[in-house]
Amino acid sequence: MIYRAVREEDIADRIFVMNASTKIAAALTGVFALSGCLFSGNSGAQNISVAESFEGGVNPYLWRASLDTLNTLPLTTADPVGGIINYDWKSYPDAEGERIRATVYILDSRLRADGVKVSVFRQVQDNGQWTDAPVDQATTVQLENAILTRARVLKSSELS
């Protein structure tokens, strides 16, 4: 019996020592991992912004610029992963009996001239009925250029 009791105590001591050494090893591993993050030796050679390291989805500058440029239109839906922003119909006091809506498609995760497409829809009121009307192609080009200009300004202001 004495031999058995001593042996049980030895086992308990070994388990305690093993648990303590496992905890110490885990703590030291965490300290070394964190010290690698703090003292990586890379003295800011690669200063990448959050927007530039954004992977997947759409370009954050084009996204923000699209929302800023068409902020006078009521927003219906916005899908930042798919890159589609839908705006609802809006009438302006200057153009009675006419309303417009727009959809913005952000097509790339890079800031490129062909990374954004705008579709504008126009309707005119005729005898109380809204009917589709043609939209000048220059309107969509001007909106796309305004979005691209705003995106470039956002990017350059972040870099400086």
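Modeller: Start with Val 124, which touches Gly 97, Glu 98, Gln 129, Trp 130, Thr 131 and Ala 133, leaving out residues up to four places away in sequence. This is a predicted model.

Colleague: What makes those residues count as touching Val 124?

Modeller: A contact requires heavy atoms within 4.5 Å, and Val 124 has such contacts with Gly 97 and Trp 130, among others. Val 124 is found in strand E5.

Colleague: Why is Val 124 called partly exposed?

Modeller: Its relative accessibility is 24%. Buried would need under 20% and exposed over 50%, so Val 124 is in between.

Colleague: Why is Leu 154 called buried?

Modeller: The relative accessible area of Leu 154 is 17%. The limit is under 20%, therefore Leu 154 is buried. Leu 154 lies in helix H3 and touches Tyr 61, Arg 64, Ala 65 and Asp 68, not counting residues up to four places away in sequence. Leu 154 and Ala 65 are 89 residues apart in sequence, yet 7.7 Å apart in space, C-alpha to C-alpha.

Colleague: What makes Gln 137 exposed?

Modeller: Gln 137 also lies in helix H3. Its relative accessible area is 56%, and exposed means over 50%, so the label holds.

Colleague: Why does Asn 127 count as exposed?

Modeller: Asn 127 has 75% relative accessibility, which is over 50%, so it counts as exposed. Asn 127 lies in the loop between E5 and strand E6 (129–133).

Colleague: What is the phi of Asn 127?

Modeller: It is positive, about 55°, although Asn 127 is not a glycine. Most residues other than glycine have a negative phi.

Colleague: How do you know that Arg 99 sits over the ring of Trp 130?

Modeller: The charged end of Arg 99 is 4.3 Å from the centre of that ring. The distance limit is within 6 Å, and the charge must also be within 35 degrees of the ring normal. Arg 99 also lies over the face of Trp 89, at 4.5 Å from the ring centre.

Colleague: How many aromatic pairs are there?

Modeller: The count is zero. A pair needs ring centres within 6.5 Å.

Colleague: Which residues touch the most other members of the largest nonpolar core?

Modeller: They are Leu 62, Leu 70, Tyr 87, Val 104 and Ile 147, in a core of 21 residues. At least two core residues come from each of helix H2 (60–69), strand E2 (84–87), strand E4 (98–106), strand E5 (116–126) and helix H3 (137–159). In soluble globular proteins, nonpolar side chains tend to be buried together. Setting aside residues up to four places away in sequence, Leu 62 touches residues including Ile 106, Val 116, Ile 147 and Ala 151.

Colleague: What is the overall pattern along the sequence?

Modeller: The chain reads α-α-β-β-β-β-β-β-α, with three helices and six strands. Of its 160 residues, 22% count as buried.

Colleague: How confident is the predictor in the chain?

Modeller: The mean pLDDT is 78, and 65% of the residues reach 70 or more. Over residues 30–48 the pLDDT is below 50, and this stretch has one contact beyond near neighbours in sequence. Where pLDDT is low, the predicted coordinates should not be read in detail.

Key
Residues are numbered from 1 along each chain as its sequence is written. This is a predicted model: local features need pLDDT of at least 70, side-chain atom pairs count only at pLDDT 80 or more; totals for chains, interfaces and linings use all residues. Side-chain values use heavy atoms; hydrogens and water are left out. Helices (H or I, at least four residues) and strands (E, at least two) are DSSP runs, numbered from the N terminus. Buried means under 20% relative accessible area, exposed over 50%, partly exposed in between (1.4 Å probe, protein chains only). Rings of Phe, Tyr and Trp (its six-membered ring) pair if their centres lie within 6.5 Å; planes under 30 degrees apart count as stacked, over 60 as edge-to-face and the rest as tilted. A nonpolar core is a set of buried Ala, Val, Leu, Ile, Met, Phe, Trp, Tyr and Cys residues joined through side-chain atoms within 4.5 Å. pLDDT is the predictor's confidence in each residue, from 0 to 100.
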